[in-house]
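Q: Please take a close look at a single part of this model and describe it in detail. Then set that part against the rest of the chain.

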Amino acid sequence: MAVKRDYYEVLGVSRDASPEELKKAYRRLAMQYHPDRNPNDKQAEERFKEVGEAYAVLGDAQKRQRYDAFGHAGDGMPDLGGFSFESAFDLFDMFFGGGRRRARTGPQRGSDLRMNVEITFKEAVFGATRTIEVPRAETCPDCSGSGAAPGTSPEQCPQCGGSGQVRRSVNSVFGQVVNVTACPRCRGEGRIVSDPCPRCRGHGRVESRKTLEVQIPAGVDEDVQVRVAGEGEAGPRGGPPGDLYLAFRIQPHPTLVRRGQDLIYELPVSVPQAVLGDRITVPTVDSEAQVDVPAGTQDGRVLKLNGMGVPHIRSGRRGDQLCVVRVVIPAHLTGEHRKLYEQLGSRDGRPADVRKGFFDHLRDALRG
Ligand SMILES: [Zn+2]
Ligand SMILES: [Zn+2]
């Protein structure tokens, strides 16, 4: 794989360029390298695509942030990948209006599919292998995607002579240019089918359900999509398949709440435990762990279990489990307990001011 140039370098702007500056840079370069202006110039074509790809990322605040953080490594992540020539033209058309499409010749790529998968809290944390059933269009087995009845084959389109393209002169943002569009007769395919395959009625594809085994990475969250390359719909007339994107619905945990890579657990502590200290067993996403509650623990204090949180989806480094102490004040006292509290009360009187509140504790825990 070729080494990718830095997107900022591609657009010739600084790393702190404003959205306006990015837009301007893209506009200028896309015009300069547009294939209509540089016919049969492979290098200009590549530059046109490169400029489009750079702007597709840097022009989108979220993708830009990710790019700034991870660089091109972020490309492997879902919804950044797969920038094609078609995408470059789509972007250009979006920018300048007009919908001046390049002819789509040859077999087309199939559509991407999106699927929601429901997983358990533990599967989201530790990853899993799941078998899913994907309803999708597959290449027709009878005609191998050609759309022509078995024993026959598609014929050359008489209107475009098989090129799939028709040319005509039009006025555009560049002045007079020759506009190449898809042949209307064969819709850019260059071939027509006169005797269609009965199984797929000439479409070259049939509906089917495919059973797939997919790997769910450890640390997925509901805002993450996982791309399964090549498992989308088959392309029309034997074209390459699209991709499958998986999104997740994660079932809640009975006692743990996830905040990014950290897990929060509310730890109930009795008054004597808080005052005298104790060692308490708490549930964790793995199984359970021991937490030492020091003597004199205030309500709201956060006790951290290092490395017991959720792994980062890329680095695998685990966050922490934060146990937030809840001192449970007894609501009903037996006669004996009441006497003990009364004795305590007559000696202690009013408490001194609590030095730290809940948010101070949480802040300390997140900092340390
Ligand atoms: Zn044609
Ligand atoms: Zn068929």
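**The open sheet and its surroundings**

A: Four strands make up an open sheet of mixed pairing, ordered β10-β11-β15-β14. (Strands are DSSP runs of E, at least two residues, and helices are runs of H or I, at least four, both numbered from the N terminus; two strands pair if DSSP finds at least two bridges between them.) This is a predicted model, in which local features need pLDDT of at least 70 and side-chain atom pairs count only at pLDDT 80 or more, while totals for chains, interfaces and linings use all residues. Residues are numbered from 1 along each chain as its sequence is written, chains are lettered from A and ligands numbered from 1 in the order written, and side-chain values use heavy atoms, without hydrogens or water.

β10 (256–259) and β14 (302–305) are the edge strands, each pairing on one side only. From one strand to the next, the twist averages 30 degrees, taken between lines fitted to C-alpha atoms in the N-to-C direction, on a scale of 0 to 180 degrees. Inside the sheet, β11 (residues 262–270) and β15 (residues 321–328) run parallel and share eight bridges. P268 sits opposite R326 in β15.

Elsewhere is the zinc ion (ligand 2), with protein donors C140, C143, C197 and C200, each through SG, 2.3 Å from it. (Donors are N, O and S atoms within 2.8 Å of the metal, or 3.2 Å for Na, K and Ca.) Their spacing along the chain is C-x2-C-x53-C-x2-C. C143 lies in the loop between β2 (128–139) and β3 (155–156), and C197, 54 residues away, in the loop between β6 (191–192) and β7 (205–216), so the pair links distant parts of the chain. C143 and C197 are both buried, meaning under 20% relative accessible area with a 1.4 Å probe, where exposed is over 50% and partly exposed in between.

Strand β6 contains R191, which counts as partly exposed because its relative accessibility is 36%. Beyond four places in sequence, R191 contacts P154, E155, C157, C186 and R237, contact meaning heavy atoms within 4.5 Å. Its C-alpha atom is 7.7 Å from that of G164, 27 residues away along the chain.

Overall, the protein has nine helices and 15 strands. Of its 368 residues, 40% are buried. Among contacts between residues at least 6 apart in sequence, 66% join residues at least 24 apart.
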